[in-house]
Amino acid sequence: MAARVARVMIDSPVPALDHLFDYAIPPVFADDIRVGCRVRVPLRSGGRLADGYVVELADSTTFDGELSELDDLISSVPILAPEVWRVARTVADRAAGSASDIVRLAVPKRHVRVEKAWLEAEPSMGAVEPAPLEGYPASADLLSGGTRTAMSAIPQLSTTEDGATIGRWAQSAVELATQVLARGRKIIIAVPDYRDLGQVLSALAPRVPPALVSRLDAKQPAAQRYRAFLECLNAGPRVIVGNRSAVYAPASDLDAILLWDDGDDLHAEPLAPYVHTRDAALVRQQDSGCALILMSHARSVESERLVEIGWLRSVSPERHVQPRVVLTNPAVDGDAARIPSTAWKTARSALDAGPVLVQVARPGYAPVVACQRCRTGARCAACGGPLGIRKPGRPPECTLCGAIAAEWRCDECGDTHLRLVSRGSARTTEELGRAFPGTSVITSDGDHPVERVPAKPALVVATRGAEPIAEGGYRAVLLLDGDRMLAREALTIASDCLRWWSNAAALAATGAPVVLVGVAGRLGTAFATWTSHAFAAEELADRRELGFPPAVRTVSVSGDLAAVESAVASLDTTSYRDVLGPSELPDGGVRSIVRFDYSAGPEVARALRAAIIANATRRRRSPAAKGGYRPPPTLRIRFDETELVT
DNA sequence: AGCACGCCGACT
DNA sequence: GTCGGCGTGCTC
């Protein structure tokens, strides 16, 4: 007998709607409706319609009221797979958020023509030859069910059968993928950025038929994205590759999740409820029992913690391979120039053979400017943010709000002349161009990234994270601004730097020198000896001592003072360690940070979820006091934020 | 979010 | 007496 009741998740960000609603199924839809279908349902006695997904079908309801009928069955395609729903619900609960906010990341917009074509097409099959995982001990069985691994990538480059240069890590990822495909199953490969995605796709191209690859990323046109998504619903082998939301791709027969570079900020979802790809992957691994592989050049402190508690197993390459790292410390060597002589010499001789990578801390021309007379840092008249110069000859601009400060005058002494304090990529490019006349200089930064450079002599100046891949590898890598990068105030700065340098060093040709300028101590040593796991372990020990994440968990509670105070007050005082703040935020609200132990996670999330719901209903103030300005009224809950300032 | 239900001031 | 203000709470 056909089901009579559909239990529906409403697609709405309203916290109070974040549970299942029962609807009667009209006979017209009875034959076509399935778990996972998109439906339209009436809300509040036919007053308005909302979109939703069928999450369960049942014969009866526990709701003691009269059920409304479904208004419409949008499509009989079960687009919200049961495993995706379970993961969304769990992940949302852990983050005190709505499941629908996760589902919105997971399920792309419908595209009717694409859906029709998919329904009519024969699912494409294809045989894939399994490739062994090269360079790792044969005993490293990474893919058997339930295995969770922190895997150190081999810091080398690799050439595909098509002749493209890619990171060796992408080759390893694809070797694992072919093994999954050969078993007729699915693997999700989630990478932080588009250049990483490009490398995985290049590595896949010669080994896996395109029909078995689904590319899920936000940059794709809606139609292609929807098609790739639908193909994930097909039975049979498939590689799903994409950026952070690819962890939520449907795959009922998921064999493995591979996450590249879990320490990269781009894995931190900026949309509520702010769930990190790593956390979603851990939840999904638990739910499906698939294998999980966190692969990176530099081990994150978070995955090191998981290794220490025995949740992840650590796997390293068969033999220790590392870039040829040279440390130079200008302050100690009495060579205080921006580019010390060791670096000059290295660059000069390497340039005969091919491209040289120069990594700098910041984009622009002079990222920081100051008063020429009294040396006070120049600040934006509008917002107080620091001023910088993007291009030579341009007026200074605020690096926070972007306001142009054409008529700058020093607050302290009234002088109107600026002094360039620091060097950005544009100025480094200019200097190098002068120093190496006749050599071409290429700049790559976040605004104008360059994906690849040819195997020809050139200086490639790149900000961290925007380094192009050089065909055949760089003949030398200069990491110029080590000290400047380290100067940024952030809890995670040391491990971030190690990651940035490691990822750049892995772009060097085999045996090419990698010069790190201005960094010594245990961080310099960890880089030079390529022992990021040991560094992460020390870092974790330090953070345990100080009670900082990831040794403890944190949740940042922000919004207007009353909302934050009542949310924090609603926590059971035995469930957390302490509360920092509330402190004022630039936007007029306040923020408190609560530190708690992992074991208290469910309780803290539950209490804060209740606070969010209470706040959302109680909040309706009288029609805003005149003045237009209002502090952010909503209560924002953010677990395990990475950008916590110490 | 919308929309209804509900309990106090100006109106026919 | 009633019409309607928007504060409060719910949405199968």
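Rings of Phe, Tyr and Trp (its six-membered ring) pair if their centres lie within 6.5 Å; planes under 30 degrees apart count as stacked, over 60 as edge-to-face and the rest as tilted. This is a predicted model, in which local features need pLDDT of at least 70, side-chain atom pairs count only at pLDDT 80 or more, and totals for chains, interfaces and linings use all residues. Residues are numbered from 1 along each chain as its sequence is written, chains are lettered from A and ligands numbered from 1 in the order in which they are written, and side-chain values use heavy atoms, with hydrogens and water left out.

Ring pairs join Trp501, Phe527 and Trp530 in a cluster. The structure has 5 aromatic pairs. For phenylalanine 527 and tryptophan 530, the ring centres are 6.1 Å apart and the planes lie at 45°, so this pair is tilted. Phenylalanine 527 is buried, at 0% relative accessible area, and tryptophan 530 is buried too, at 9%; buried means under 20% relative accessible area, exposed over 50%, and partly exposed in between (1.4 Å probe, protein chains only).

Two charged side chains also meet rings. Arginine 148 lies over the face of tryptophan 311, 3.6 Å from the ring centre, and the charged end of arginine 638 sits over the ring of tyrosine 274, at 4.2 Å from its centre. A charge sits over a ring if NZ of Lys or CZ of Arg is within 6 Å of the ring centre and within 35 degrees of the ring normal.
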